[in-house]
Amino acid sequence: QVQLVESGGGLVQPGGSLRLSCAASGSIFSFNNMGWYRQAPGRQRELVAVISTGGTANYADSVKGRFAISRDNAKNTVFLQMNSLKPEDTAVYYCNAKRRDDYLMWYDYWGQGTQVTVSS
């Protein structure tokens, strides 16, 4: 049974930095894509960043130039380095992983979420 466990969230002042980590446990396979979503109160969940096995990354416009996503394929772990944080970044951040099988079907996995609060 696959589980995604997030860590690294917390309280930080505007302009500060945080590094989120997400490790997959109980996995006997790798994931084609791993990424991060976030959801603020009263808002829909949105994609923050995603990275492929080969290292190709895509970011939401609101975080480009401030956030950086990376992954360690050997450890089935994905990271999100968040710099120059703004109050608007406050949200619950969710780890996501996607796997494609030989029949071109996609399987979706989610972490439990970790709170990021940016406030002075």
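Predicted model: local features only at pLDDT ≥ 70, side-chain atom pairs only at ≥ 80, totals over all residues.

Biologist: Which residues touch the most other members of the largest nonpolar core?

Modeller: In soluble globular proteins, nonpolar side chains tend to be buried together. Here the largest nonpolar core has 29 residues, of which Trp36, Leu80, Met82 and Tyr93 touch the most other members. Among the elements that give two or more residues to this core are strands E4 (33-39), E8 (77-82) and E9. Beyond its neighbours within four places in sequence, Tyr93 is in contact with several residues, including Trp36, Leu80 and Met82.

Biologist: How many salt bridges does the structure hold?

Modeller: Side chains of opposite charge can pair when their charged atoms come close. This structure holds five salt bridges. In one of them, the closest N and O atoms of Arg38 and Asp89 are 3.0 Å apart. Arg38 lies in strand E4 and Asp89 in the loop between E8 and E9, so this pair ties together parts that are 51 residues apart in sequence.

Biologist: Are Arg38 and Asp89 buried or exposed?

Modeller: Both Arg38 and Asp89 are buried. Asp89 also forms a salt bridge with Arg66, with the closest N and O atoms 2.8 Å apart. A network of salt bridges links Arg38, Glu46, Arg66 and Asp89.

Biologist: Which residues form a nonpolar patch on the surface?

Modeller: Tyr103, Met105 and Tyr107 form that patch, and together they have about 370 Å² of accessible area. Tyr103 sits in the loop between strand E9 (91-100) and strand E10 (106-110). Its relative accessible area is 71%, so Tyr103 counts as exposed, the cut-off being over 50%.

How values were computed:
Residues numbered from 1 in each chain as written. Heavy atoms only, no water. Patch = residues over 30% accessible without salt bridge, like charges linked within 9 Å, V, L, I, M, F, W, Y side chains within 5 Å. Areas by Shrake-Rupley, 256 points an atom, 1.4 Å probe, with all protein chains shown as cover. Salt bridge = Lys/Arg side-chain N within 4 Å of Asp/Glu carboxyl O. Helix = DSSP H or I, 4+ residues; strand = E, 2+ residues; numbered from the N terminus. Buried < 20%, exposed > 50% of the residue type's maximum accessible area, 1.4 Å probe, protein only. Core = buried A, V, L, I, M, F, W, Y, C linked by side-chain atoms within 4.5 Å. Contact = heavy atoms within 4.5 Å.
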